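Please look through the structure below with the sequence beside it.

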Amino acid sequence: MSHRLMAGSAGILLSGLWAWSGGTLAAQDQPTMQDGGVTTLHVYANTIQIPVLVLGPNRERIAKPIAANRFWVNFDEGPWFHASHVRLEDDDPISLSILLDVTGAAELMPKVGDAITNLAPLSLHAKDHVSIYALDCELNRTASGVPADRLQLKEGVDKALESWTNRVKDKGAAPCRNPIHLWDAMTVISEQLYRLPGRRVILAVTDGNDKGSVNPWNALRLYDQESGIAVFGVVPVPWGAGSVFLERANRENPFQSLCELSGGIVQMTKESGLELTLNRFMTMVRERYIVEFPRPAKFSAGEYGMAVKIDKGNHFFIRPAGISVPVPDAKVQSDPTTVPGDPSLAPEIGNRHVLTKPN
């Protein structure tokens, strides 16, 4: 599955969906502290990690873990490079932003409070942080990076749905005059999530139908890829008739593209199956593979297509998250005390560059 990697200038603020875990050493052989004669050792990280969602051909959970030596990556269709290290994400801390789109998924809202609350403490843990938003006449945030305990989750959902619940009860209430739309709301959520630590994930409970946002979906997709934000969607399936999402199943679906190109997936559910669906969502997040590899050699600022494959795994559904990384610091590279890396031990960049202008 192809994806995108962004290389920026040295010192760029980086996404939390990746981590540095080792790398090139730069050591000064001569003492640098006049009073103590202490040798200073500088460590410059050079390893990239990305979360990769791997499911079966029917989007089912894979019960047996895949061996680490089966994972490969490439950039701009360059040579395939064997991943240095692979592990399950498991209990890595996550920052989760939940969007409850009451305008597009109203039929799921009566059960959504219990379904989200019941994610703690088995699926969501105290070290995870959750933000909760409701999209109604406006975008309303009722929890911002709070620890994922049951009480705070319940309070956040109840407050988020309070305005919508009151309007439903008051059947004579006036409709929204200038509502905020889906892509605009998700853009705000992504920008706020970018500031939080951990592996960043958005769960959007919505029908995926935008009705006039200023921000195009493809710009949002690019931002989420560069920010390392994986988007997972849950859309309603009404009895008797297809939802907006189902009606688009056989043609381009921006919401599905947004989710899958950011490293997530869309699930469809009825109200009765919502809790099971959210539990499956958290299982997919926890069972992503953290794929590690050295930063590519001859790296310059720009955008690169990234692909992940698994040996003898053509039937797998593979969706890697995006990432931003710093380019090598020229001053560090030219420092005579820097221990140079071996280019043969890093991926090579191909010559097929991704398009950078959103549609």
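Aspartate 76 has a relative accessible area of 1% in this predicted model. Because buried means under 20% relative accessible area, aspartate 76 counts as buried. This residue sits in the loop between strand S5 (71-75) and strand S6 (81-82). Is glutamate 77 buried or exposed? With a relative accessible area of 53%, glutamate 77 is exposed.

Another loop, the one between H1 and strand S9 (129-135), holds proline 121. The peptide bond that joins alanine 120 to proline 121 is cis, with an omega of about 5°.

Helix H1 (residues 109-117) packs against helix H7 (residues 274-286), and it also meets helix H2 (residues 150-169). Take H7 to begin with. The axes of H1 and H7 are 9 Å apart, and the angle between the helices is about 40°. At that angle H1 and H7 are oblique to each other, and H1 passes H7 in a right-handed crossing. On the H1 side the contact involves Lys111, Val112, Ala115 and Ile116, and on the H7 side Leu274, Glu275 and Leu278. Five of the residues in this contact are nonpolar, none is polar and two are charged.

How are H1 and H2 oriented to each other? Their axes come within 8 Å and cross at roughly 165°, and H1 and H2 are therefore roughly antiparallel. This crossing is right-handed. H1 contributes Met109, Val112, Gly113, Ile116 and Thr117, which meet Arg150, Leu153, Lys154, Val157, Leu161 and Trp164 in H2. The residues of this contact divide into seven nonpolar, two polar and two charged. Val112 and Ile116 of H1 take part in the contact with H7 and also in the contact with H2. An α-helix has 3.6 residues a turn, so residues three or four places apart point the same way.

Helix H4 (residues 217-227) shows how a helix can be covered. Eight of its eleven residues are buried, so H4 is largely enclosed by the rest of the structure. Which residues of H4 are buried? They are Trp217, Asn218, Leu220, Arg221, Leu222, Asp224, Gln225 and Ser227. After H4 comes glycine 228, which has a positive phi near 70°.

Methionine 268 belongs to strand S13 (residues 266-269). At 41% relative accessibility, methionine 268 counts as partly exposed. Valine 237 is 31 residues away from methionine 268 along the chain, yet the C-alpha atoms of the two are separated by 6.1 Å.

Now consider the whole chain. Its secondary structure comes to eight helices and 17 strands. The chain has 359 residues, and 49% of them are buried. Of the contacts between residues at least 6 apart in sequence, 82% join residues at least 24 apart. The accessible surface comes to about 17,200 Å², and carbon and sulfur atoms account for 52% of that area.

How values were computed
Residues are numbered from 1 along each chain as its sequence is written. This is a predicted model: local features need pLDDT of at least 70, side-chain atom pairs count only at pLDDT 80 or more; totals for chains, interfaces and linings use all residues. Side-chain values use heavy atoms; hydrogens and water are left out. Buried means under 20% relative accessible area, exposed over 50%, partly exposed in between (1.4 Å probe, protein chains only). Helices (H or I, at least four residues) and strands (E, at least two) are DSSP runs, numbered from the N terminus. Axes are lines fitted to C-alpha atoms, for helices over the stretch in contact, and angles run from 0 to 180 degrees between N-to-C directions. Angles under 35 degrees count as roughly parallel, over 145 as roughly antiparallel, 65 to 115 as roughly perpendicular and the rest as oblique. A crossing is left-handed if the near helix is turned anticlockwise from the far one by less than a right angle, and right-handed if clockwise. Contact means heavy atoms within 4.5 Å. Ala, Val, Leu, Ile, Met, Phe, Trp, Tyr, Cys and Pro count as nonpolar, Asp, Glu, Lys and Arg as charged, and the others, Gly among them, as polar. Accessible areas come from the Shrake-Rupley method with a 1.4 Å probe; for residues, only the protein chains shown count as cover.
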